[in-house]
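Some points on this model follow, for a reader who has not seen it before.

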Amino acid sequence: MASENDLKSSRISDAPAKASLVNDPKVRAIFYQFLLLVGVVWFFVYIFGNLNANRASQNIRTGFDFFSNTSSFEIGFTLIPYDRASTFADVLLVGLLNTLLVSVIGIVLATILGFALGIARLSSNWILARLATIVVETLRNIPLLLQMFFWYFGVLKLMPNVKQSLELPLFIVFNNRGIVTPEPLFSDNFGIVWTALLVAIIASYFVTRWAKARQDATGIRPPAARINTALVIGFVAIAWLASGASLDWSIPVLQGFNYKNGIHIPPEFLALLWALTLYTAVFIAEIVRAGILAVPKGQSEAAQSLGLKEGDRLKQVVIPQALRVIVPPLTSQYLNLTKNSSLAVAIGYPELVSVFMGTSLNQTGQAVEVVLVTMLIYLALSLITSAFMNWYNARIALTER
Amino acid sequence: MADTTKNSALYVRSEMAPDMPPPVRTQGVVGWLRANMFSSVGNSILSLLSIYVIYLAATGIYNFTIVNAIWQGDGGAVCRVENVGACWPYVGNRLTFFIYGFYPDTEYWRPNLAFAIGGILLFLLATPQIPGKIIWGVLFLVVYPVITFFLVHGGGFTGLEAVPTEKWGGLMLTLVVAVTGIVASFPIGVVLALGRRSKMPLVRSVCVVFIELWRGVPLITVLFMASVMLPLFLPEGTNFDKLVRALVGVTLFTAAYTAEVVRGGLQAIPKGQFEAADALGLNYFQATMLITLPQALKIVIPGIVNNSISLFKDTTLVSIVGLVDLLGAVRAGTATGTWSAPTIPVTGYLFAATIFWVFSFAMSRYSQYMERRLDTGHKS
């Protein structure tokens with residue numbers, strides 16, 4: 001009865017049916033969101049109230065003034081000039097640069113090793129595939145920190161001492177204080193050679209573009225790779241000879257208790273880099289394997305029946321499709337590597353967390369500011385990397401009709 | 001006509017053709033080796049190289065862990081000799097420390113009992129053939145943590161000797177952190193995942209910010225934050241256990257990752273399921289609890305297990321903020337004077353690595369098994 005009446009009234013009257021306000025989804029949504037807002041605001045007011053009270057009673061200073069104070073501690077490995085008189089802002093920069101250094105080198109090495117391992121696991125060669133499987137399954141199931149300790153305390157620290165250093169080829173020296181390599185000494189006018197190299201690289205980019213356009217238009221492929229090689233070698237050689245720039249090597253020599261000259265790479269850096277590279281490479285290997293397996297076999301068969309050569313088949317057909325599957329998880333592995341570099345705090349490589357969140361926090365006592373700044377930096381690194389990778393991903397994404 | 005027949009007869013062979021060589025063997029050991037390892041020159045070189053690498057690694061490990069290893073002794077001194085392998089007395093001597101930390105040795109039965117109950121419940125929960133998943137789930141996720149806390153911590157009404165968390169350590173602590181992280185983060189993660197898919201803009205943005213914040217920073221910064229900032233955020237005089245601080249950090253961090261896994265499951269559910277629930281007149285809570293969430297959670301079991309593997313490995317980070325987990329216990333031992341010899345760190349890390357490997361590998365096998373089992377072939 002009632003429902004029949006409702007039906008009639010709604011049909012007859014022009015006014016929309018009025019539900020009770022309590023049952024209106026829109027009103028409910030606003031109400032719930034208001035509740036959430038109140039909750040969030042209350043939460044922040046509560047913790048900041050406590051924070052201020054605690055800081056007042058414990059005499060903790062607030063604000064970001066400490067950035068301009070002198071740090072008065074040493075850092076063992078820096079990319080920019082730094083000493084005890086430098087400020088905490090310099091400390092932050094030193095730490096950030098050290099983080100970026102190990103991350104960038106680690107990403108490059110892990111990508112190369114990971115692709116090699118991933119392809120090896122798919123190899124038709126039985127024993128090679130088994131070997132790659134053993135490596136991947138072993139390393140991915142052992143915590144990174146444990147691997148790092150193993151390489152640092154178990155291997156690098158047990159290397160011979162300075163007096164009995166291992167002398168490797170190319171004047172490289174290896175001992176329990178790390179590796180010392182010869183250092184290139186560039187003469188003042190070497191900038192011309194760098195400029196020539198840069199110009200050659202830019203020129204080869206345009207050559208590649210021209211070659212592709214020409215191939216698309218005429219079907220004839222110009223020898224772009226050979227032209228580019230000639231461009232780079234030629235430009236650099238001409239600039240070098242013409243400018244009379246010179247390049248000397250400073251060879252490490254044992255003097256007293258340590259080696260002088262050369263570039264010193266500390267064992268902390270080596271252990272961190274090696275552990276990060278291996279650990280990330282096995283995850284990349286799994287991603288690469290999944291990506292290649294995701295390309296249907298028909299694709300390479302179709303390419304074969306079109307008469308493409310083995311190399312072109314991989315380059316033009318299989319890899320572009322596999323990359324679409326590989327790139328998104330690869331991005332998160334790059335981010336993981338960058339974030340995992342913070343484990344260096346445990347072996348004393350002076351990266352961001354170690355020098356800033358560790359030493360600086362102890363020196364200043366301003367936990368909240370220091371922790372927030374550190375977290376914001378990592379957050380920014382994450383967001384920048386994912387923005388770049390999203391752009392790249394959109395570029396190579398499948399264009400659908 | 002006759003001419004052509006005569007001519008074509010020239011092409012007819014009058015004697016037997018010589019025997020062809022037998023075809024290349026494709027069966028048996030030799031055939032298999034030829035097909036799978038020595039099909040070309042390049043492949044042969046790769047195979048020989050691989051065999052050489054495997055030989056080097058195998059003999060190296062065999063010599064280090066067995067031939068040159070020291071098996072008996074009660075101090076680092078026995079291992080301070082030339083060309084020594086693993087120093088097993090170190091592991092044997094400190095085994096209880098690696099497993100229980102500073103837990104009093106008369107009370108070992110308590111963590112042992114907790115291990116046993118947990119193992120049985122996990123077996124009942126994880127074996128797909130055993131019915132009553134809801135009961136086991138509630139027992140494991142709700143009742144078991146409470147029982148374990150009172151059993152291991154003791155004190156109060158239990159009548160057991162109270163063992164403060166400072167004395168917990170070793171593998172026991174590793175498992176406490178891992179299980180608490182997984183169990184406590186699960187409901188938070190589910191709520192965050194539902195919130196991220198909500199149509200209410202404010203709810204969605206709060207969840208997105210929360211998830212992306214934790215996912216964007218390394219766990220070690222979260223642990224630092226939990227250990228130095230958390231006490232400042234609470235009312236003055238609140239005394240806060242070091243273990244609880246680490247657990248709060250680990251839980252929030254893991255919840256963000258769980259949320260993304262669960263969101264993946266929710267997105268994989270066909271739209272028709274949501275529409276059917278609406279058409280039946282179910283409200284949001286009923287539709288979620290009865291229709292969508294059960295399906296989503298079933299799909300994401302492998303993802304949750306993978307998350308658990310990551311978390312299990314990441315528990316080693318608590319040793320950086322001053323807790324003595326398995327890795328911390330091994331590391332602490334190598335720093336003492338009595339146990340200092342060149343190969344002791346490697347021995348300890350090999351031991352810890354084996355334990356971590358066994359747990360993680362078992363979990364990853366389980367995850368693959370569930371993935372195959374849950375793959376009902378509806379996709380594609």
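Predicted model: local features only at pLDDT ≥ 70, side-chain atom pairs only at ≥ 80, totals over all residues.

1. Chain A is split by the domain assignment into domain 1, residues 19-59, and domain 2, which is written in two pieces, 88-166 and 265-396. Between the C-alpha centres of domain 1 of chain A and domain 2 of chain A there are 40 Å.

2. Strand pairing in chain A can be followed from strand 2 (residues 172-175) to strand 3 (residues 178-181): the two run antiparallel and are joined by three bridges. Strand 2 of chain A and strand 3 of chain A make a hairpin, with two residues between them. Within this pair, Phe174(A) has Ile179(A) of strand 3 of chain A as its bridge partner.

3. Strand 3 of chain A also pairs with strand 8 of chain A (residues 263-265), again through three bridges and in the antiparallel sense. Here Ile179(A) stands opposite Ile265(A) of strand 8 of chain A.

4. What secondary structure does chain B have? Chain B contains 17 helices and zero strands. Its radius of gyration is 31 Å, whereas the globule rule gives 21 Å for 380 residues, so chain B is more spread out than a compact globule. Along the principal axes, the C-alpha atoms of chain B fill a box of roughly 120 × 80 × 40 Å.

5. Two further figures describe the packing of chain B. Of its 380 residues, 32% count as buried. Among the contacts in chain B between residues at least 6 apart in sequence, 65% join residues that are at least 24 apart.

6. How many residues of chain B are in contact with chain A? On the chain B side there are 46, and they are in contact with 46 residues of chain A. The elements of chain B that each give two or more residues to this side are helix 3 (41-67), helix 9 (201-216), helix 10 (219-228), helix 11 (230-233), helix 16 (326-334) and helix 17 (344-374). Helix 17 of chain B gives the most, with ten residues. By residue class, the side of chain B that touches chain A comprises 33 nonpolar, ten polar and three charged residues.

Terms used:
Residues numbered from 1 in each chain as written. Chains lettered and ligands numbered in written order. Contact = placed C-beta atoms within 7 Å. Helix = DSSP H or I, 4+ residues; strand = E, 2+ residues; numbered from the N terminus. Nonpolar A, V, L, I, M, F, W, Y, C, P; charged D, E, K, R; others polar. Domains from an automatic or database assignment. Pairing = 2+ DSSP bridges. Rg over C-alpha atoms; globule rule 2.2 N^0.38 Å. Buried ≥ 20, exposed ≤ 12 C-beta atoms within 10 Å, placed from the backbone.
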